[in-house]
Each structure stands twice: as C-alpha cells, then as structure tokens.
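The entries follow the order in which I looked things up.

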Amino acid sequence: MTHFSEKFIYIFLTGLALLSWWLTQYTGLIQAEKEKVNGTYPDYFSKSYTKWEMDETGQVKSTLTAEEMTHYATDDWATHTKKPVMTFNNEKTPPWVVIAETGVLSKDGKKLQLNGKVTVNRANTQDLKQLTINTSNLMVTPETSYAETNAWAELISASNVTTGTGMKMTFKEPIHVELLSKVKGKYETK
Amino acid sequence: LESDADQPITIDSNTATYDDATSTSIYTGNVISIQGTIRVNSDKLVVYFLDGEADKLVFTGNKAKFKQTPSVGAEDVTGEALTGEYYPKKNLLVLIKEATVWQGNGTYSSDYIEYNSKSSVVKAGDNSTDAKRVHVLLKPKQKTPNDTGLKTDSKKNDDTSGKTSDQNLQ
C-alpha cells in the first residue's frame, strides 16, 4: 500500500464522517436526541403541525397549529409544541386566536399548557370591539373552551385597559373574563 | 374641576369580570374610581359600555361615597348614597336612596339627588313624586368678630324642607 493510497483513504474516511454528520443534522435526529424529556426519547415528531377538533355536527370547533410538534411515548404531558396557535371558532362572533411561545398537550388531549407570553385575540365586528388579552402560562381546556392562569393578565378593548393578577375565561359565547385580584381599570372618556 | 370630564376614569378593585353578552364590566371589593378630582369609593361598580366606551357607571355600597373639588382652592363637595349612577358624557352623578350631599354650608338629603360635576349644581328631590322629599340644612356663615350689629347665634339653624330645592351655588 503506497503512501499515496493510504493518504487517500484517510481523506475519504474524513469526507464520509463529515457527510454523515451533515445528514444527521439535516434529518433532525440529533435535535430529537437533544429534546429528551424526563429521560424519554420522542417517538415521533412533526413540522408544520395542524390538529382539528370537530363538534357533533362536523363543524370545526377548534384548531391547533404549531411550527413543530414532538411526541413522547411515556410522558403524561406527551405532545410538546413550538409556536402553537389555537383557534376557537364561534357561531356568531369572530374566532378567538390564542398564540404562545411553547405549548404542551396532555396525553388525553384534554389540557393544553401554554408557556411564556400568551396573546388571546378576537377581531372586531360591526357590533363588537376588538378584544385582546395579554398574559402568560395559560392552562387551556379545549373541550370546554376554558382557560385560566395565575399570572398577570391585561384586557384591552378599544381604548379601555383592565389589568389584574390571575384570570379565568371562557372562549365560548357569551364570553366571560374574570380577573381575580389587584384589578386596575382605565377608561378614556374623550 | 371643569377639566375632570376630559380625564380618563381609573378604577382599582379586588376583582373584576368582563361580560361580552351584556357589554359590562363588574368590579367588586373596595372599589376606588377616580376621574380628575372626582373620587368614588364603593363596594361594587358596574360599567356599561356603548360602542366600546364607558357610557354609565353604577356604584353600590353601604354607603358609596364621592367627593370632588369644584374649583381650584375651593372646598370639596362630598356626598354619599346607597346607589350612585355616573354618566361621564353628561357630567351627571345621580345619588339614589339615602342620598346626602355636603356643599359649602349646605347639606342636602333626599332619596334622589342629581349633581352636575361640571357646574357643581345640586338638584335634590323629584317633581313627579312626593316620595323624594328634600331636607336642606343651611348653616349660617360663621360671623367674624368685626361683623357689627348682628348678634352671633351659632345654634340657630335655618332648616328648610320642601318638595324640590334647586340651589345654584357657584
């Protein structure tokens, strides 16, 4: 084996190693490895994830989309999502759109814990003003269109702002928002 | 003050609920509402919205109390009642049930008192019924020593009561 062919083998093997490293990066396997939660590996993941929930009449009741969804087989909080957007449809009024940084769906799909900054928004109509709620760490129960948090929450409608600590709300008609303590309201009169 | 009407209304309370169906916000627990120099303390406050703006505010308490500084340097006008209704756009505060307003030397008591927060006019009683009797107590101004002629008698009160009293006190 001449000196030249030995050198060639080393170069070839190095190239092969670099290629395989690049392939693992590309397929995201390494990333799945990094996201090990409570000692369990993800069993599947999805990019550009969408989940629809229908009502008894087959109408779309709520939609959950996310940039990325990673599912863990044995964890109670099984489905971890990045940039989740939850939409609650209403018959007469525009849908409620709930946006968060990350979200975790429980194994039975009944609870969705939205973490970090959460924005809840309903567009305005001829009769209704736009309503925006800024809060964080919101626990959502999609089935009953209910959500609650212990964190600070801010309710903005037209030029009126009300803030408080702790909030409970229903997304289903009629909308009902309750602020639990340290409430401050401000109404413009001009 | 006249400028009170242009100020935003701020509200502090223990809890609050917003109800889309009735377009109302309900504040409960040690509610303090402030607009410029107008300040109302009550147990509960219901804000009624019209086109997204606060149209009517209803205070209830045992009793709900209000005060306002009518003009710079002037003595505060104070009042209380079981229920108060405030109409920001009309600068009108209506005190209902066991209502009393103290303004300068005058005390006005009735079951129905209208107070204009811009002009500080107090209108007590209600023409359409005998039920809203008015009790007005006007204490004479304290006589200063150099006032001549008139004997000072601080116990004598001029106590008038009638169906309606429309006192335009600037």
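Which residues do ring pairs link into a cluster? I found A:Tyr187, B:Tyr18, B:Tyr27 and B:Phe49.

Ground rules. I am working with a predicted model, in which local features need pLDDT of at least 70 and side-chain atom pairs count only at pLDDT 80 or more, while totals for chains, interfaces and linings use all residues. Residues are numbered from 1 along each chain as its sequence is written, chains are lettered from A and ligands numbered from 1 in the order in which they are written, and side-chain values use heavy atoms, with hydrogens and water left out.

Entry on rings. I noted the rule for a pair: rings of Phe, Tyr and Trp (its six-membered ring) with centres within 6.5 Å, called stacked if the planes are under 30 degrees apart, edge-to-face if over 60 and tilted for the rest. Over all chains this rule gives four aromatic pairs. For A:Tyr187 and B:Tyr27 I read a centre distance of 6.5 Å and planes at 85 degrees, so this pair is edge-to-face. The pair crosses between chains: A:Tyr187 belongs to strand β10 (residues 176–187) of chain A, and B:Tyr27 to strand β3 (residues 24–35) of chain B. Strands here are DSSP runs of E, at least two residues long, numbered from the N terminus. I looked up burial too, and both A:Tyr187 and B:Tyr27 are buried. Buried means under 20% relative accessible area, exposed over 50%, and partly exposed in between (1.4 Å probe, protein chains only).

Entry on charges over rings. The rule asks for NZ of Lys or CZ of Arg within 6 Å of the ring centre and within 35 degrees of the ring normal. I found the charged end of B:Lys56 over the ring of B:Tyr48, 5.1 Å from its centre. I also found B:Lys90 over the face of B:Tyr87, with 4.6 Å to the ring centre.

Entry on the interface. How many residues does each chain give to the contact? Chain B gives 27 residues and chain A gives 25 residues, contact meaning heavy atoms within 4.5 Å. I read a buried area of about 2,100 Å² between chain B and chain A, with 50% of it from carbon and sulfur atoms. Buried area is the accessible area (1.4 Å probe) that two parts lose on being put together, summed over both.

I then counted two salt bridges across the interface of chain B and chain A. A salt bridge needs a side-chain nitrogen of Lys or Arg within 4 Å of a carboxyl oxygen of Asp or Glu. A:Arg122 and B:Asp20 meet in such a bridge, at 2.3 Å from N to O.

A:Glu143 lies in the loop between β7 (131–141) and β8 (146–157) of chain A, and A:Lys110 in the loop between β5 (96–105) and β6 (112–122) of chain A, so the pair ties together parts that are 33 residues apart in sequence. A:Glu143 is partly exposed at 42% relative accessible area, and A:Lys110 is partly exposed at 40%.

Terms used
Helix = DSSP H or I, 4+ residues; strand = E, 2+ residues; numbered from the N terminus.
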